[in-house]
Amino acid sequence: MVSAGLEIIGLGLCVIGSLLVMVACGLPMWKVTAFIESNIVVAQTSWEGLWMSCVVQSTGQMQCKVYDSVLALSHDLQTARALTIISSVLGVLGLMVTIAGAQCTNCIKTETVKARVVNAGGVIYIISGIFVLVPLCWMANSIISDFYNPQVPTAKKREIGAALYIGWAAAALLLLGGAVLCCSCPASGNSSYSVKYAPTKRATPNGDYDKRNYV
């Protein structure tokens, strides 16, 4: 019963984390305009994501444009695209594997095999969390390095956007949920105590029980 509860908790955390990975992948707010020095009062705000860049006017109007060329993108954007997509695919794969081995399903009959399948699903979710964590940290490091680089013009400096924070939360949920799934192996049904039976008392030829049985 405890293992079934851990499976539900771990799977719930992993599903939420996978959904947040997909949300972070699609949001254009990986890099946002830094409001420093002469940029404190501006008429527009720039957002940069994995797939498009957006400009938000002070009037509330927003215009987005998809990147024209993939090869023209920076290495961090290309890597982030690939790893976040792989992480999303692994999230779907981990969901299928975990449901196949869950105790509430009958896809697999043997309990030990089901436990191993659930553990495999937890490992897949942990790998998914690592895959999405790498581009997030790489992108954040690039943003911070350019922000404090005096050679970068002020107009081109960016700050960490909301998509990175969502991605970090997703990675934490995936790692935590995957660890819970790996620890949800049920206890072995074989008892460590062996049952010992007393020998049957044998009767003597005259019908009485042997006195050795009472010693």
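**Entry 1: an exposed pair**

I began with two side chains and found that D68 and K65 are both exposed. They form a salt bridge, and their closest N and O atoms are 3.6 Å apart. I noted that this is a predicted model.

Of the 5 residues of β4, the number buried is 0, so the strand lies largely in the open.

**Entry 2: the whole chain**

I stepped back and looked up the overall layout. The protein chain has 4 helices and 5 strands. Along the sequence, I read the pattern α-β-β-β-β-α-α-β-α.

I also looked up burial for the chain. Of its 215 residues, 34% count as buried. The accessible surface is about 13,200 Å², and 65% of that belongs to carbon and sulfur atoms.

Next I looked up contacts between residues at least 6 apart in sequence. Of these, 64% join residues at least 24 apart.

**Entry 3: the sheet**

In what order do the strands of the open sheet stand? I found β4-β3-β2-β1-β5, with antiparallel pairing. From one strand to the next, the twist averages 25°.

β3 (residues 52-57) pairs with β4 over 5 bridges, in the antiparallel sense. V56 has M62 in β4 as its bridge partner. The hairpin of β3 and β4 has 4 residues between the strands, and G60 there takes a positive phi near 105°.

β1 (residues 31-33) and β5 form an antiparallel pair over 3 bridges. V32 has E159 in β5 as its bridge partner. Helix α3 (residues 111-147) packs on the sheet and touches β1 and β5. The direction of α3 makes about 140° with that of β5.

**Entry 4: salt bridges**

How many salt bridges does a search of the whole structure find? I got 3. The pair of D68 and K65 is one of them.

Another joins the side chains of K31 and D76, at 3.9 Å from N to O. K31 lies in strand β1 and D76 in helix α2 (residues 75-101), so the pair ties together parts that are 45 residues apart in sequence.

E48 is in strand β2 (residues 44-48) and R158 is in strand β5, 110 residues apart.

R158 has 15% relative accessibility, so it counts as buried. The cut-off for buried is under 20%.

**Entry 5: the record**

Last, I turned to UniProt. Its unreviewed entry lists residues 6-30, 82-102, 122-141 and 162-181 under "transmembrane region".

I compared two of these spans with the model. Residues 82-102 are 95% helix and 0% strand, and their end C-alpha atoms lie 30 Å apart. Residues 122-141 are 100% helix and 0% strand, with end C-alpha atoms 29 Å apart.

How values were computed: Residues are numbered from 1 along each chain as its sequence is written. This is a predicted model: local features need pLDDT of at least 70, side-chain atom pairs count only at pLDDT 80 or more; totals for chains, interfaces and linings use all residues. Side-chain values use heavy atoms; hydrogens and water are left out. Two strands pair if DSSP finds at least two bridges between them. Helices (H or I, at least four residues) and strands (E, at least two) are DSSP runs, numbered from the N terminus. Axes are lines fitted to C-alpha atoms, for helices over the stretch in contact, and angles run from 0 to 180 degrees between N-to-C directions. Contact means heavy atoms within 4.5 Å. A salt bridge is a side-chain nitrogen of Lys or Arg within 4 Å of a carboxyl oxygen of Asp or Glu. Buried means under 20% relative accessible area, exposed over 50%, partly exposed in between (1.4 Å probe, protein chains only). UniProt positions are given in the numbering used here, feature names are shortened, and annotations may be inferred rather than shown by experiment. Accessible areas come from the Shrake-Rupley method with a 1.4 Å probe; for residues, only the protein chains shown count as cover.
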